[in-house]
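Hello,

Here is the structure I promised to pass on to you.

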Amino acid sequence: MTDPAGAAGEGIRYAWLADALANDALVLTASRRLARDLRAQHDAEQQRAGRTAWRTPAILFWQDWLARALQESAAESRLLADSHLSAVLWEAQLEGVLDQPVLVQAGLVRQAQVAWQRLLEWNVPLDRLDRQARRPEERAFARAASAYREELTQRGWLDSAQLAAWATQACDRLEVPALILHAGFDRLSPALQGLFAALGDTGAAVRRAAVRPAAREVIVHDCADTDSEFRAAGSWARRIVEQDPGARIAVVTTDLESQPLEYARLLREGLVPGWQRGDQEHRHAVNVSFGRRLVDYPAIAIGLLWLRWLSRDLFAPDVSLLMRSSFIGRGELGGRTRLELALRQLPDRAWSPDALVSWAATREPDGDALDWIEAVGRLADLRREMPAHAAPAQWAERTDRMLRDIGWPGAGSLSSDDFQLVNRWRQLLNELAALGRVAPRLPAAEAVARLGRMAAETLYQPEAGPAYVSLMGILEAAGLEFDHVWVTGMDSGRWPPTAHPLTLVPTRLQRDYGMPDSSPADTLAFARRVMQRLAASAPEVRFSWPRNSGDTPQTASRLLHELPVRAEPSPPDPGWYASSLLALARPTVAADDRVPAVGVGEKVAGGAYTVQRQLAEPFAAFAAGRLGVSEISPFEPGIVPSLRGTITHDALDALYADRPVQADVLAWDDAELRQRAAAAADLGLRRHFVHADPVLRRLLSLEEARVQRILRHFLAFERARLPFAVAEVERRIDFTHAGVRLGLRADRLDRLPDGRLLVIDYKTGALKPLVGSDGDPAEFQLVVYALALGVDVAGLALFYLKSSGVDVRAAGDCEWDKRPGEVWPERIGRWKAIALGAIEAIAAGDARINLKLDSEQGRPLNVLSRAEEARRDQ
C-alpha cells in the first residue's frame, strides 16, 4: 500500500490525496480555502473515473472539525460561542476594567480577540500575562482576559480559541480515525502540536501531508513598476491559457489587502485586453480571493442606513443616498432624483422620517417619489410604535420585515452574487438573534448599531465560478497547489513583510514563548518558510518585483537569492488596452456637427448670466443656457454663502416692498429703523424656519441677528446718499433680441432727480470691480438689464452688503463713479453693443471653447467640452 503521506508527484496536484482518502484518512487543513480546493480535486478525480456518486471525503478546516466534534460529543453540553457572542462578552469585560468605558470600540475588541487567540495557541498562562504586564493597556487586557475566561466558564461555554485545548483533554472521548493528515500549515502553534500529539496517543497515525518538491529552478523578473508587473503577469497567464485552457494558474501577491480591486483590474488588462467591452465571462476571468467586509457591499450599506433611520435622524447626505439608491423601491428613480435635487437647495440638517414626509408633501411628489415617501411614512409609524426594548430575535425579525417592505435589495431578479449576498445578510440576522444569550433585551439604536458592527466584522466573498486565474494573498495560498504560479511584490520593501507583534501583550512575554513576530529573527524565518512553500506550489514558479513604486526606486528582496533562481527579462507588458486603440484609429476628421441656431420659441435659460458666460466661455453659455446643464449643489453644513445671499436679498426686497423715497427713509427714527430692519429680516428668514431642526433653528436665529445688522448699516448708507426714489424692486423683464428670449430680473431700480434710472444689483460675496482695467465691464449683468429696459439709465451700481457696512462699485452719471474718460452715453452705448453681439452669437449657435481657461476654471464642463483634448491638439 502506498504511504498516503509520502512524496508528492512533481506534476500532479495533491498527489498524496487519493491514497489518503482511500485509507479513510481525515484531512485537516489550515484554511477553509484549502479544504474546498482539496474536496474539489477529489470530486474531479471521481468524475474522471466515471463515478456518478461517492462518499463525501473527510476534509475539513481544523477548527470546523473541532467544532463538529464538540457538537457531536455526547459527554459535552457546552455551547461554542461564535465571534459575535465573543465580541459582546469582550466588550463587557473591557468596559469593566477601563477607566473610560467609552474607549471600548470595535477595533479594541478585535485586538483583544486576536491577542486572546494567540495566547491560547502558544499556551501562555494568564498569570504570566498578568505578572509581566507593564503598560496600562497591557494591564487592562490582562484583567479583561481573566474576567473573560471566568465568564465563559460560568456560562459553560467555549470559544474558538479554546477548542484545541478542549480537544486535547477530550481526545479519549472523541471519535478519532486511524489516519489523520494535516496540510497547509506554515507553522504549527504549540496548542496544535499538543492536540496532534494527543490524537497520536489514542493510536491514530498523525502526519503532515506530503509537500510537492520545490521547482528545480525559479524564474525571477524585474518589472518597471507595479502596473507593468501585474499586466505582464496577466499576459503570461494568457499565453498559458491559450495553450492549455484547463491549467490551474495563480498570481500571488505580497500585499493583496492594500488594493485588491486595482490589482485585479491590472491583471485583467494583460489577461483579457478589452475586458471592459466584453461580457461577464471577461470580467470574471480573474477570481480575487479576498473577502470584503459585509458592510462595504453597497446593498448592505444602504439597508443598514435605512435601519439607522428607525432610531436616529439622518443628515441630508444620508437621506440623499437613500433617495437615489436603486436598492430601494421598484427600480424607477426619476421622481426621486428630482426630489433629491430639491433637497439640496435646503440647508443641511438632521431629518426625522416625519419631518421629511412633511417637507416632501410641499413638493407634491408623484410616481416613484411618492412610493418612496410613503415608505418613509411607514418607517415613521414604526418609529413611533416600536418598543423601548426588545429581544435581539425580535429586532432581527423586524429588520427583515422592514427591508422587505421597501423592496430591498431592489427590483428585478437577483444575480448569483446578489443572491448569495442576501443569504449571508439573513445569516447575519440569525447571528443577531443568537445574541439574546448575552443581551436578552436591546433598545433599537443599540440593536441597529450592533448589527452594523457585526457587518463590519464579517468578511464575505461570494462563491465564484471557474476563472482563468486566481489572484490571492501570500497566506491564503498556504498548501494550495497549481500548475503555474507567479508571485508579485517581492521587493525588499515588502518582503520580508513588516512584523506585527501583539500590542496588548508584553513584548518580552511574546519573545519568551516564541510567538509570531516577537522578534526580527522570527519574522525573517517565517518569511523564508513561506517563500520556500511558494517555490514548491507549482512545477513552474515565477517571482517578480517592481523597480519603482511610485517615485521610490526598489530593489529585489535579498531572500530571493536563497532560491535556485534564474533571472529572465519580464514577459512583455501589453500596456493599457485603451492606448492600443489609438494606433488602430483612423485619422481624426472634424465632424460637421455645429450647434444649431436658436430655434423659434426656444427660451434660453440663465438670463443675464448666460450673456456674461458667452463673453467669457461660449461653450459654458451653450451648456447652461440651452442644454440646461447645471452643477449639482453639494450638501454643506450650516448656512452656506449662497443661502446667506438669498436670505439677504429677500430681506432687502421686504425692506423696500412699499418703494419709499429717500425722504421717507430719512423720516424714520431709530426705533422705526430697527423695527423695519427686524421685520424685513424676519420675512427674509421665515420660510427657512419651517423645515429646520433645533440646531439649524439656532443657526438661523444667529443669521437673523446678522441680517438685521446688515440692514441697519444699509439704511444708514441709504440716508447718506444723494436723493433717490425706489422705482422697482425685483423687476422682471422679458427681453428678446435676434430670436433669443431672455428672462431677466433686476434687484432694484432707483429714480434719480433728473428722471433717469439707476440700475442696482445687490451682492453679498467677495468684492469685485464692476469695470475692468480695460475700461469694459467685468460684470455685464447690469449692462444687459440696462439694454432690456430700453430707457436712458443714469448709471449701474453694485451694492456689496457686509456686516460692517456697504461698498459700492458703480459706473455712470452717479455719485460713486469718479473715473475720467468717455462721457456716459458713449460708454453705455458701447457696452450695450458688446452685449448685443454676445446675444447674437448665442442666437447663431456659437459654442466655442475658451482654451485660455485653466483646467480648474473649466472643470465642471471639461467632460462635455473635451477642452483637455482640444488643448493637447493645439
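The largest cavity is lined by L307, L310, W395, T399, L432, A444, A447, V448 and L451. A cavity here is a set of points on a 1 Å grid over the protein atoms alone where a 1.4 Å probe fits but cannot get out, and lining residues have an atom within 4 Å of a point. Two elements give two or more residues each to this lining, namely α18 (392-405) and α20 (444-457). Helix α20 gives the most, with four residues. (Helices are DSSP runs of H or I with at least four residues, strands are runs of E with at least two, and both are numbered from the N terminus.) By type, the lining has eight nonpolar residues, one polar and no charged; Ala, Val, Leu, Ile, Met, Phe, Trp, Tyr, Cys and Pro count as nonpolar, Asp, Glu, Lys and Arg as charged, and the others, Gly among them, as polar. The volume of this cavity is about 60 Å³, where a volume is the space filled by probe spheres set on the grid points, which are joined across faces, edges and corners. Over the whole structure, the search finds six cavities of 30 Å³ or more.

A word on the model itself: it is predicted, so local features need pLDDT of at least 70 and side-chain atom pairs count only at pLDDT 80 or more, while totals for chains, interfaces and linings use all residues. Residues are numbered from 1 along each chain as its sequence is written, and side-chain values use heavy atoms, with hydrogens and water left out.

Next, the aromatic rings. The whole structure holds 22 aromatic pairs (rings of Phe, Tyr and Trp, the last by its six-membered ring, with centres within 6.5 Å; planes under 30 degrees apart are stacked, over 60 edge-to-face, and the rest tilted). The pair of F714 and F717 is tilted, because the ring centres are 6.5 Å apart and the planes stand at 35°. Both residues lie in helix α29 (residues 694-720), three residues apart, about one turn of the helix. F714 is buried at a relative accessible area of 0%, and F717 counts as buried at 17% (buried means under 20%, exposed over 50% and partly exposed in between, with a 1.4 Å probe and protein chains only).

F717 also forms a stacked pair with W816, at 6.2 Å centre to centre and 25° between the planes. W816 lies in the loop between β24 (805-812) and α31 (824-844), so this pair ties together parts that are 99 residues apart in sequence. Ring pairs link Y656, F714, F717, Y762, F799 and W816 into a cluster.

Finally, the strands around β21 (residues 740-751). Strands pair if DSSP finds at least two bridges between them. Strand β20 (residues 725-737) runs antiparallel to β21, joined by eleven bridges, and T736 has R741 as its bridge partner. These two strands form a hairpin with two residues between them, and A738 in the turn has a positive phi of about 55°. Strand β19 (residues 603-604) is parallel to β21, with two bridges, and K603 stands opposite R741. Strand β22 (residues 757-763) pairs with β21 in the antiparallel sense over four bridges; one partner pair is D750 and L758. In that hairpin, with five residues between the strands, G755 takes a positive phi near 90°.

Best wishes

Conventions:
On a 1 Å grid over the protein atoms alone, a cavity is a set of points where a 1.4 Å probe fits but cannot get out, and a pocket is an open set with protein on both sides within 12 Å along at least five of seven lines; lining residues have an atom within 4 Å of a point.
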